[in-house]
Amino acid sequence: MWIYEKKLQYPVKVDTCNPALAAMLLEQFGGADGELSAGIRYLTQRWTMPTDRAKGLLTDIGTEELAHWEIIGTLAWKLVKDASEEEIKGTPFEAHYVNHGKSPFPHDAAGVPWTAAYIQSKGDPIADLHEDMAAEQKARTTYEWLINISDDPGVIDTLRFLREREIVHFQRFGEALMIVQEDLDSRKFY
């Protein structure tokens, strides 16, 4: 089912050492509206979609979200890989470092570990697609705020790419919602 090409979907260039920014990026690595949550949510919801087109869309976007998870992990890693313990001390990354070293770990920016409770899957395609559209908007907003606090041009470039993908996903879920609604309406007997 999957073909894995051993390169990132988008190149990750990091020019600075910034443990504080790495800690904030972990919001998209393990937060409720982050890439891991989105990928697993969409790959879970696909089974209850009533059309092959909607199932395919959720599979495609869910898989892409896992690629974005890899990008975020790479950004966080590159921001701390050369950081000394002195550079880490006193930053928001310090608590993460005590538990996980410099390795990315799925938790949000506040350190709350990822949980399956973040995955909304009701088994109702209309409810799920509305949830997906909202999730994409929340992720887009988070990327905008991360861009606002970053001063690394390479990080900003990558975050802009990820933000734009959230916009495209939102649009695709809107199209899927119309397709699914039409399909469900055609099945009703009046």
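**Entry 1: the whole chain**

What radius of gyration would a compact globule of 190 residues have, and what does the chain have? I started there, keeping in mind that this is a predicted model. The rule gives a value near 16 Å for a compact globule. The chain has 18 Å, which agrees.

Next I looked up the box. Along the principal axes, the C-alpha atoms fill roughly 70 × 30 × 30 Å.

I then listed the helices and strands. The chain has 7 helices and 0 strands. Read along the sequence, the pattern is α-α-α-α-α-α-α.

I checked burial. Of the 190 residues, 44% are buried. I also looked at contacts between residues at least 6 apart in sequence. Of these, 78% join residues at least 24 apart.

**Entry 2: helix 1**

I turned to helix 1, residues 19-30. From first C-alpha to last, its 12 residues reach 17 Å. That is close to the 16 Å expected at 1.5 Å a residue.

Why do I call helix 1 largely enclosed by the rest of the structure? I call it that because 9 of its 12 residues are buried. I noted their names: Pro 19, Leu 21, Ala 22, Ala 23, Leu 25, Leu 26, Gln 28, Phe 29 and Gly 30.

What covers them? The cover includes helix 2 (35-45), helix 3 (52-80) and helix 4 (85-88). It also includes helix 5 (93-100), helix 6 (125-149) and helix 7 (153-187).

**Entry 3: two residues**

I picked Gln 28, which sits in helix 1. Is Gln 28 buried or exposed? Its relative accessible area is 1%, and buried means under 20%, so Gln 28 is buried.

I looked up its contacts, leaving aside neighbours within four places in sequence.

Then I took Asp 52, in helix 3. Its relative accessible area is 66%. Exposed means over 50%, so Asp 52 is exposed.

Which distance did I look up for Asp 52 and Val 180? I took the one between their C-alpha atoms, which is 10.0 Å. Along the chain, Asp 52 and Val 180 are 128 residues apart.

Note on methods. Residues are numbered from 1 along each chain as its sequence is written. This is a predicted model: local features need pLDDT of at least 70, side-chain atom pairs count only at pLDDT 80 or more; totals for chains, interfaces and linings use all residues. Side-chain values use heavy atoms; hydrogens and water are left out. Helices (H or I, at least four residues) and strands (E, at least two) are DSSP runs, numbered from the N terminus. The expected span of a helix is 1.5 Å times one less than its number of residues. Buried means under 20% relative accessible area, exposed over 50%, partly exposed in between (1.4 Å probe, protein chains only). Contact means heavy atoms within 4.5 Å. The radius of gyration is taken over C-alpha atoms; the globule rule is 2.2 Å times the number of residues to the power 0.38.
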